[in-house]
Amino acid sequence: MSESTAEPGVWLRRYHPADGAPTRLVCFPHAGGSATYYFPVSRSLAPAVEVLAVQYPGRQDRRSEAPIDDIFKLADILAEELRPWTDRPVALFGHSLGATLAYEVALRLESEGVVPVMLFASGRRAPSRFREHAAVHLSDDDTLLGTIKALSGTSPELLQEDELLRSLLPAIRADYKAAETYRKRPGTPLLRCPVTVLTGDADPEVTRDEAEDWEEQTAGDFVLHEYPGGHFYLNDQAPAVISRIREVLVR
């Protein structure tokens, strides 16, 4: 396979280029997350699968940029950014906020004839489901920080850096607003791609019923896998999850 001529730009990170890989996996971070969360995934899957990790504005090397608090706007931008990378089969993986964003990007790609080989939706209720009174993004800084810490998705090192963590609050708040105010648009077509849902059996953010509703979002195949753990079951179950992704994509 010839070497890709695309450049990742500011939105995508290509940690382990694998020009010989038959499939690309695009990974979308959770609220408050960054592309580096998927560095271990990229390292584990290369060179069989090439991983592209999305970097949202307002964090890490993009901290000087204003965060975006609207999933539809993010999806429009990212679908455009990903077009040069669809020269080979592409799969999408998103956790929490990232799962909803991956779903919206999949819709945009499919509208242009690019059907992902798989949408992996992790730790997120189906796009048709929402919680009416979710308003973490409107809470004060201390409450927002408490929510982040309670979900156990932030590295222990960062949790000790209170000043740094507080500097990231605008991006975190924007992410929560994007997730909490999202409503699936009426008349949205079914996905054509298959959907694999991954969830923790003790996740306070996603009930089994909310996870199963992903099946209603696609005309393709659907499967749900449940793992021990809470919202960030991924932290402890990474080897099993990566193994499942490899099994699906390499076959």
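Colleague: At 22% relative accessibility, what does Tyr37 count as?
Modeller: This is a predicted model, with local features needing pLDDT of at least 70 and side-chain atom pairs pLDDT 80 or more, while totals for chains, interfaces and linings use all residues. Residues are numbered from 1 along each chain as its sequence is written, and side-chain values use heavy atoms, leaving out hydrogens and water. Buried means under 20% relative accessible area, exposed over 50%, and partly exposed in between (1.4 Å probe, protein chains only). At 22%, Tyr37 therefore counts as partly exposed.

Colleague: And what does Tyr38 count as?
Modeller: Its relative accessibility is 2%. Tyr38 therefore counts as buried.

Colleague: How are the rings of Tyr103 and Trp214 arranged?
Modeller: Rings of Phe, Tyr and Trp (its six-membered ring) pair if their centres lie within 6.5 Å; planes under 30 degrees apart are stacked, over 60 edge-to-face, and the rest tilted. Here the centres are 5.9 Å apart and the planes at 80°, so the pair is edge-to-face.

Colleague: How many residues apart are Tyr103 and Trp214?
Modeller: Helices (H or I, at least four residues) and strands (E, at least two) are DSSP runs, numbered from the N terminus. Tyr103 is in helix H3, and Trp214 in the loop between helix H8 and strand E7. The pair links distant parts of the chain, 111 residues apart.

Colleague: Which side chain makes a polar contact of 2.9 Å with Arg124?
Modeller: A polar contact is a pair of N or O atoms within 3.5 Å; within protein, one must be able to donate a hydrogen and the other to accept it, and residues adjacent in sequence count only if both atoms are side-chain atoms. Arg124 lies in the loop between strand E5 and helix H4. Its partner at 2.9 Å is Thr100.
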